[in-house]
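We will go from one stop to the next, with a word at each on what to select.

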Amino acid sequence: MGVHKPSAPRSPLEHLLSSATPPTDRFDIYRKVPKDLTQPTYTGAIISICCCVFILFLFLSELTGFLTTEVVNELYVDDPDKDSGGKIDVSLNISLPNLHCELVGLDIQDEMGRHEVGHIDNSMKIPLNGGAGCRFEGQFSINKVPGNFHVSTHSATAQPQNPDMTHVIHKLSFGDTLQVRNVHGAFNALGGADRLTSNPLASHDYILKIVPTVYEDKSGKQQYSYQYTVANKVRGRRPGPAACNRALCWPRAEVTSVWARFPPVPLGGWGAAFPEGLPWPGSVPG
């Protein structure tokens with residue numbers, strides 16, 4: 001049986017070299033954390049939940065802002081609707097509660113020489129107040145030049161002695177009707193104009209400044225409409241034979257060379273670089 005010899009004691013230098021950390025381990029940036037520093041706490045859980053909720057809120061708000069669009073207003077010069085043939089579609093709805101339908105007519109004239117008395121195409125007369133009044137509804141087109149169209153008794157076979165031209169304008173619009181939310185403008189600036197308490201024999205002049213307007217949806221499809229501003233002038237007349245040729249509702253229209261465009265842009269991301277559009281001003285002075 002052999003005799004076990006005890007190993008020779010290691011020198012202090014050998015002990016130091018065997019217990020030292022390898023030089024490459026000093027560059028480890030994913031070092032292990034002692035277990036006593038990783039114990040969960042109630043306070044830490046609350047902070048973690050709040051941070052997750054806040055991060056989720058920021059993500060959803062940015063995503064919603066990026067996907068949501070708004071409609072801005074841009075102004076340009078030149079005619080945007082070059083396929084219109086130089087025409088503008090007009091929609092008129094007006095009530096004259098004290099004038100018989102057989103006396104009501106629509107006249108159209110402009111600087112290109114058009115002079116049409118008693119326009120009847122695409123129009124309808126609805127009796128009011130048991131036939132004592134009339135509601136006129138019509139769609140017609142005008143040229144893109146200064147001119148006017150007026151409701152009067154000029155086309156009647158027998159002219160009344162003292163026609164009562166008090167009226168209410170329910171609608172006066174030009175071009176396409178925009179069925180779009182968040183598009184604000186004076187597309188029907190005369191809608192709701194009430195002249196029932198005015199002089200029955202007065203002539204009502206409405207001076208219109210028409211601004212071509214283009215709405216463009218996300219797919220690039222465009223709709224052509226028109227906004228307008230209004231100035232109203234009332235000319236009083238005396239009773240007599242001349243009143244039948246003077247009393248009328250007379251909108252005078254002029255198309256401007258400036259046109260407005262409403263393209264939708266995203267609220268977030270690159271869309272934040274576009275300024276918010278303002279509606280075109282329009283009012284009906286008393």
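Two rings of Phe, Tyr or Trp (for Trp, the six-membered ring) count as a pair if their centres lie within 6.5 Å, and a pair is called edge-to-face if the planes are over 60 degrees apart. By this rule, the count here comes to 3 aromatic pairs. Please keep in mind that this is a predicted model.

**Stop 1: the aromatic rings**

Select F140 and F149 and show their side chains. F140 counts as buried at 6% relative accessibility, and F149 counts as buried at 1%.

With F140, F149, F174 and Y228 all selected, you are looking at one aromatic cluster.

**Stop 2: the nonpolar core**

Now widen the selection to the largest nonpolar core, which has 34 residues; those touching the most other members are I142, F149, L172, F174, L190, L208 and Y228. Colour the strands that give two or more residues to this core, among them β7 (133-143), β8 (147-152), β9 (168-175) and β12 (222-235). Which strand gives the most to this core? That is β3, with 5 residues.

Zoom in on L172. Leaving out residues up to four places away in sequence, L172 touches V90, S91, L92, F149, F187, N188, L190, L208 and Y228.

**Stop 3: a proline in β13**

Select P251, found in strand β13. P251 is buried, with a relative accessible area of 5%. Beyond its neighbours within four places in sequence, P251 is in contact with N148, F149, H150, Y206 and L208.

**Stop 4: out to the surface**

In soluble globular proteins, nonpolar side chains tend to be buried together. For the last stop, select L56, F59, L60, L63, F66 and L67, which make a nonpolar surface patch of about 610 Å². F59 lies in helix α2 (residues 42-67). Its relative accessible area is 52%, so F59 counts as exposed.

Methods. Residues numbered from 1 in each chain as written. Predicted model: local features only at pLDDT ≥ 70, side-chain atom pairs only at ≥ 80, totals over all residues. Heavy atoms only, no water. Patch = residues over 30% accessible without salt bridge, like charges linked within 9 Å, V, L, I, M, F, W, Y side chains within 5 Å. Areas by Shrake-Rupley, 256 points an atom, 1.4 Å probe, with all protein chains shown as cover. Salt bridge = Lys/Arg side-chain N within 4 Å of Asp/Glu carboxyl O. Helix = DSSP H or I, 4+ residues; strand = E, 2+ residues; numbered from the N terminus. Buried < 20%, exposed > 50% of the residue type's maximum accessible area, 1.4 Å probe, protein only. Core = buried A, V, L, I, M, F, W, Y, C linked by side-chain atoms within 4.5 Å. Contact = heavy atoms within 4.5 Å. Phe/Tyr/Trp six-rings, centres within 6.5 Å; stacked < 30°, edge-to-face > 60°.
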